[in-house]
Amino acid sequence: MPDNEKSFPQVPEAKTVAKKRTRFSLVWVIPIVAAAAGVWIAVTKILNEGPTITIVFSSADGLEANKTKVNYNGLDVGTLTSIRLADDHQHVIATAAMSPKAKDFLVKDTRFWVVKPRMSGLNVSGLGTLISGYYIGVQLGQSKESERHFIALDAPPFAGNVAGKFFMLKTPELGSLGEGTPIFFRQLSAGQVVSYELDKGGEFLNVKVFVRAPYDQYVSPDTRFWQASGIDLTLSANGLHVQTESVMSILAGGIAFETPATDSPLPPAAADTTFTLFSDRTDAFAPPPHDPQTYLLVFKQSVRGLTVGAPVQLGGITIGEVTQISPQLDAQTMAFTVPVTISVDPQRYGVKFMNAPEGEDMITVRKKIMDSLVSRGLRAQLKTGSLISGALYVSVDVVPNAPPASLDWSQDPVELPTLSGKIDALEDNVASLLKNLNQTVTNADMLLGNANQLIEPNSVLDMELSSLLLQGGDAARSVRLLADYLERHPEALIRGKTGEAK
Amino acid sequence: MSAMTPTAMQQGLQSCPACGLLSRPAPGAHEGRCPRCDEELVFRKPASLERTLAYLIAAAVCYIPANVLPVLTTVTSGGSESDTILQGVVLLWSPTGWPLSLIVLFASIMIPSAKIVALLYLVFTVRSGSIKNNGQRVRLYRMVEIIGRWSMVDVFVDTFTVSLIQLQPLMSVEPGPGLFFFAAVVVLTMLAVESFDPRLIWDSASSKEIQPEVQHA
């Protein structure tokens, strides 16, 4: 441009500096870096994208989309992304975005529940959620089958994800048990009740319990579980004995378990084994009824006070229990009877000198023995166990002079002859009292008769009495004469009879 | 309007970007230094359109994660909660807080995107040698230049919040990855504005008019 030099002579000329230029502008590095960063972020985000699951809750109380976390052992494993009402308007369906690590435990038996403050018995849990807000707890499942749709539990399955085993306990009544009720092993807290439900038949309850490791290894197929609720007070010759599992079990109930000591301990029971829940320790360790025998007792009197489960006693020792009571009307005689079924455990009483003769089995031997006993007067009677409650028990004993009876072995169950009348101990006592009274009256009578005999006319005593009285009269007369004389001659006391002296 | 006004470049002159001194390049040379203030002299900003475009593409790329990723993470004892800019707008939207919500919406979402679109428009019109609406395009450029820096307010507010709210056991606020991308968008658009030479708008217009004259000379 040489022309501008002429046009603008006053404009100074710039200094010349050599400069190298590159073909490729470095500025393009910037968008490449930005794009790389963006792609990297996107890739990590996609890689961190975990599975999405749906959880059905009964209520959305305390749950918030994008806020409520899914928490496993204190670690966030997901977040609720949306909450909506189910089509049936009864439930709430929450969608949760889980972290990729959670993929492994999203299996069929994984359980979810809302963690919130709870009080069951003396167990208080979830207090932290008062400040932090509710979150969703997870219990890992063992199944291998993957699952994306879950139904939340209404209550946490049990505290924490700890090692241990679940067992089922069968019980006719729940008592003071509830979810979270502690389980004791040698008075150590070893687990808790997880849940309970009525059996399909409605006859008993299935209580699901969890026994923590290492206590679960002490549960063998022979282990006895019993209700350890409250205090066991025993007043014996040794004094007052109080037994309880813990203060907590007094207030909230509890279950204890123990395995009877044997020479060859059984291996630990498998998980989900079913046990019977006994009402107390004594019951739990009572030998199981072995070949129980049932008998029918027909009472022609009121059985008021007799309940199912009432003891059957022989000489004061319980050998069985009442299993059924149901009144019956005999349509022919129009008489009400009360057949009572009892179950007797032959193992509870020992038999001396019992040996089966050759060619006869034990059943026929037993029948023979029973026949012989009944012919000797073995009768069932109702007796009062407690004067206060009026509870009755069945006493089976040999009664002397009982009306003759026999057993009809063709019936099932066999009817055992009963004795009515003296139904209770009080009446017995009154009868014996009356008998004694009668004796006393008789004695008194005899005494009076003897007395009468003594004072009969012409008896020796009578004669002696008469002469005694006569002599008494004479004596009285002499005293009177003396008194008269002394009145007239008082000096005679000193001088004697003067007249006679003259 | 003044499309016919001759430019300094057409006259073979350079103006100093720092002190405004008009100078003539040394014979045979295109670049040089200002004889008064020693500033580097060029006829036009070097590779202006190329650089602007590069910055714009980078800004546009960063704009996506800036809006998708959370900018702030609030950690409370109950867990952490992350919010993106758009979630913040939704959160602020209430009968009383809607003006604030609108400010955030404009300053943080509309303006950065509008800046990118406006500059792209300028780059492509200059490239294609358009001579229409020259005055309006320059005004658009000035507006972008003035308004652009205000988007940085968002980043400042967030960094202040993060440094102030550190009540460790109870609550703390941490910057999210979106914040870095958002700051990158603001910085990159400012760089794009900086590297764009508005004089290019007039070059095509004047070259169409004056170029034959120069060639003739």
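Trainee: How many bridges join strand β15 to strand β18 in chain A, and do they run parallel or antiparallel?

Mentor: In this predicted model, strand β15 (residues 224-227) and strand β18 (residues 255-258) of chain A are joined by 4 bridges, and the two strands run antiparallel. One residue pair to look for is A:Arg224, which stands opposite A:Glu258 in β18(A).

Trainee: And what sheet do those strands belong to?

Mentor: They sit in a closed barrel of 7 strands in chain A, which runs β11-β14-β13-β12-β18-β15-β19 and has mixed pairing. If direction is ignored, neighbouring strands of this sheet are turned by 35 degrees against each other on average.

Trainee: What sort of peptide bond joins A:Ala213 and A:Pro214, cis or trans?

Mentor: That bond is cis, with omega at about 5 degrees, and A:Pro214 lies in the loop between β14 (205-212) and β15 of chain A. For background, most peptide bonds are trans, and most residues other than glycine have a negative phi.

Trainee: Is A:Arg186 buried or exposed, and why?

Mentor: A:Arg186 counts as exposed because it has 11 C-beta neighbours inside 10 Å, and the cut-off for exposed is 12 or fewer.

Trainee: What about phi of A:His89?

Mentor: Phi of A:His89 is near 60 degrees, which is again a positive value in a residue other than glycine. A:His89 lies in the loop between β4 and β5 (92-98) of chain A, and it is exposed, with 7 other C-beta atoms within 10 Å.

Trainee: Switching topic, what is the strand order in the open sheet of chain A?

Mentor: The open sheet has 7 strands in the order β6-β9-β3-β4-β5-β2-β10, with mixed pairing. At its edges stand β6 (111-115) and β10 (149-151) of chain A, each with a single partner strand, so one side of each is left without a neighbour in the sheet. From one strand to the next, the twist averages 30 degrees.

Trainee: How many bridges join β3(A) to β4(A)?

Mentor: There are 4 bridges between β3(A) and strand β4 (residues 75-85) of chain A, and these strands run antiparallel. As an example, A:Tyr72 has A:Leu75 in β4(A) as its bridge partner.

Trainee: Where is A:Ala65, and what does it touch?

Mentor: A:Ala65 is placed in the loop between β2 (52-57) and β3 (69-72) of chain A. Leaving aside residues up to four places away in sequence, A:Ala65 touches A:Leu80, A:Thr81, A:Ser82 and A:Ile83. The C-alpha atoms of A:Ala65 and A:Ser82 are separated by 4.8 Å, although the two residues are 17 residues apart along the chain. With 15 other C-beta atoms within 10 Å, A:Ala65 is partly exposed.

Trainee: Now chain B: at what angle do α3 and α6 pack?

Mentor: Helix α3 (residues 98-128) and helix α6 (residues 177-195) of chain B pack at an angle of about 30 degrees, with their axes 10 Å apart. That makes α3(B) roughly parallel to α6(B), because angles under 35 degrees count that way.

Trainee: Which residues make the contact?

Mentor: From α3(B) come B:Pro112, B:Lys115, B:Ile116 and B:Leu119, while α6(B) contributes B:Val185, B:Val186, B:Thr189, B:Ala192 and B:Val193. By class, the contact has 7 nonpolar, 1 polar and 1 charged residues.

Conventions. Residues numbered from 1 in each chain as written. Chains lettered and ligands numbered in written order. Predicted model: local features only at pLDDT ≥ 70, side-chain atom pairs only at ≥ 80, totals over all residues. Buried ≥ 20, exposed ≤ 12 C-beta atoms within 10 Å, placed from the backbone. Contact = placed C-beta atoms within 7 Å. Axes fitted to C-alpha atoms, helices over the stretch in contact; angles between N-to-C directions. Parallel < 35°, antiparallel > 145°, perpendicular 65-115°, else oblique. Nonpolar A, V, L, I, M, F, W, Y, C, P; charged D, E, K, R; others polar. Pairing = 2+ DSSP bridges.
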